[in-house]
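Q: I have not looked at this one before. Can you walk me through it?

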Amino acid sequence: MPAPDAFTHVFPCLDEAQLANLGADLAFVARTGDLLTLSGELGAGKTTLARSIIHTLMDGAQEEIPSPTFTLVQTYTTPRMGVAHFDLYRLGAPEELDELGLDLALTEGIALVEWPERAESFLPHDRLQVRIDDPDESIDAGGEDTADDVVNATRRITLTGFGAWASRLQRFIAMRALVYGNGDESDAANPRQIRYLQGDASARRYGRIYAGTQCKAILMDAPRQPDGPIIRNGLPYSRIAHLAEDVRPFVAVADALRAVGTTVPRIRAQDLANGFLIIDDLGDRVFGAEVLAGTADQATLWRAATDVLLALHAAPPPRTLPVAGDGAHELPKYDGTAMAIETELITDWFWPAVKGAPIDDAARAQFVALWRDVIAELEKLPPAWVLRDYHSPNLLWLPEREGVARVGLIDFQDAMCGPAAYDLVSLLQDARVDVPAELETELLDYYCNASAGREGFDRERFAFSYAALGAQRNTKIVGIFARLAKRDHKPGYLRHIPRLWRYLERDLAHPALEPLRHWYDAHFPAELRGAIPG
């Protein structure tokens, strides 16, 4: 059944504080290109709602937000995106909207438009329409109105999502229902607010749920991801690389990791259909930030994280994991097809970015063949947990706890079973934080010595797999960072590429990878390895 082109939800009675909180929640879900139109009579609360959205996007900074009645448009720069606040009350003619720069505003951030009726035919169809009225006493939220209801029900808010906003509004209402326990956040005795947490490169977003000044939990907003274009064997990239498409894998893997004794967020509430979880807040002491701030010793942190991997690798992971409330999740195998498609990110994105043209067929064929031989050996290794993104942005330091519980784990929904060395090299060759070569060698030896008695562990084979998977992972990430810069307009990741090439040079020095090293040397000479893709 196709998604509806319009969806409406009514909040029958919101006071001023609840209206402001609605604005804060809209700011949480806002993304570049969003148009929000605000309608209502003079003094209805349109500017109050707009100010709440803008202040929230400013991380709570109480900058003065004047009404743009006379200027017609006021623009703001926030940490997440630009905001253009329009007031069309004094618009001379609808055609003047083009001169005010609405289209440009939507390419750089979001637009809030008061009095949209003055230029209705010139507005994009995809938008969220907000109508603010006096409360309609004929609307009964349950039971008869009382004197207190009439006093407190100062505004009636009607939200209508058009186009893409129709389904987004339905998710928005579901989100508020999970966070507040109802759709209208009417529990004045237990006011809450969602505050956006700056994320990384994923499509998920996170927010802290506050009651007053106290953080109660984390909201994970992870909508089901649509399949991308078919690229090979009738499958999109996400299926080939075994990327999680919804929140079910996170729920399943979290329970399995907790059973091993590791620290993962406890799931307090869930809406699997809409992709929302409320989880424990493990704090802000992320490994990378701790090292950069000098508040924790890197060797101590990285050794503790190595101990977690030793605990995880003591036994193979179960292949079938129960999903609380919704069947089971099959833990994917990190197979050769997934490994291979990831390596090709460097030829698909980094190559044309630094060379100005796509890779030629001969060079690609040689690259694929060389990796095919290496990956065939990796597929022979015994299975272990592969959390996949086991690195500084996803590890939190919890020194008040003991043993492996001192390391908090997040962002593990893409977990698979595969070669044990993958997560270790992800940790010891961190893409975002320098790991000194001597610390890498020390902890690699520490891991191998501690694993010597584990059934099936062979130090020589492990050394090969460590180098090969390091080369595979760093190759992949060079391509991902080039893609983030080119396709997603996130150039900040490019500063990490020289570090990745240094790691690659260490990995390709392994004798078994000599043919691959020759290919990289021939096609990515030194002057290209430090290049910043244009």
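What follows is a short chat about the fold, the salt bridges and a charged patch.

Q: What kind of model is this?
A: It is a predicted model.

Q: How many helices and strands are there?
A: The protein has 19 helices and 20 strands.

Q: What about its dimensions along the principal axes?
A: The C-alpha trace spans about 80 × 50 × 50 Å.

Q: What share of the residues is buried?
A: Buried residues account for 51% of the 534.

Q: OK, salt bridges. How many?
A: The structure holds 32 of them.

Q: Which residue does Arg 268 pair with?
A: Arg 268 forms a salt bridge with Asp 280, and their closest N and O atoms are 2.8 Å apart. Arg 268 sits in strand S13 (residues 267–271), while Asp 280 is in the loop between strand S14 (276–279) and helix H9 (287–293), so the pair ties together parts that are twelve residues apart in sequence.

Q: Are those two buried or exposed?
A: Asp 280 is buried, with a relative accessible area of 17%.

Q: What does Glu 120 meet in a salt bridge?
A: The side chain of Glu 120 meets that of Arg 127, at 2.5 Å from N to O. Arg 127 is buried at 7% relative accessibility, whereas Glu 120 is partly exposed at 36%.

Q: And Arg 285, what is its partner?
A: Arg 285 forms a salt bridge with Glu 290, with the closest N and O atoms 2.6 Å apart. Arg 285 is partly exposed at 32% relative accessible area, and Glu 290 is buried at 8%.

Q: Switching to the surface. Which residues gather in the patch of negative charge?
A: That patch is made up of Glu 95, Asp 98, Glu 99 and Asp 103.

Q: Where is Glu 99 placed?
A: Glu 99 is in helix H3, which covers residues 97–100.

Q: Why does Glu 99 count as exposed?
A: Its relative accessibility is 71%, and exposed means over 50%, so Glu 99 qualifies.

Notes
Residues are numbered from 1 along each chain as its sequence is written. This is a predicted model: local features need pLDDT of at least 70, side-chain atom pairs count only at pLDDT 80 or more; totals for chains, interfaces and linings use all residues. Side-chain values use heavy atoms; hydrogens and water are left out. Patches are made of residues with over 30% relative accessible area and no salt bridge: like charges are joined within 9 Å, nonpolar side chains (Val, Leu, Ile, Met, Phe, Trp, Tyr) within 5 Å. Accessible areas come from the Shrake-Rupley method with a 1.4 Å probe; for residues, only the protein chains shown count as cover. A salt bridge is a side-chain nitrogen of Lys or Arg within 4 Å of a carboxyl oxygen of Asp or Glu. Lys and Arg count as positive and Asp and Glu as negative; His and the chain ends are not counted. The place of a charge is taken as NZ of Lys, CZ of Arg, CG of Asp or CD of Glu. Helices (H or I, at least four residues) and strands (E, at least two) are DSSP runs, numbered from the N terminus. Buried means under 20% relative accessible area, exposed over 50%, partly exposed in between (1.4 Å probe, protein chains only).
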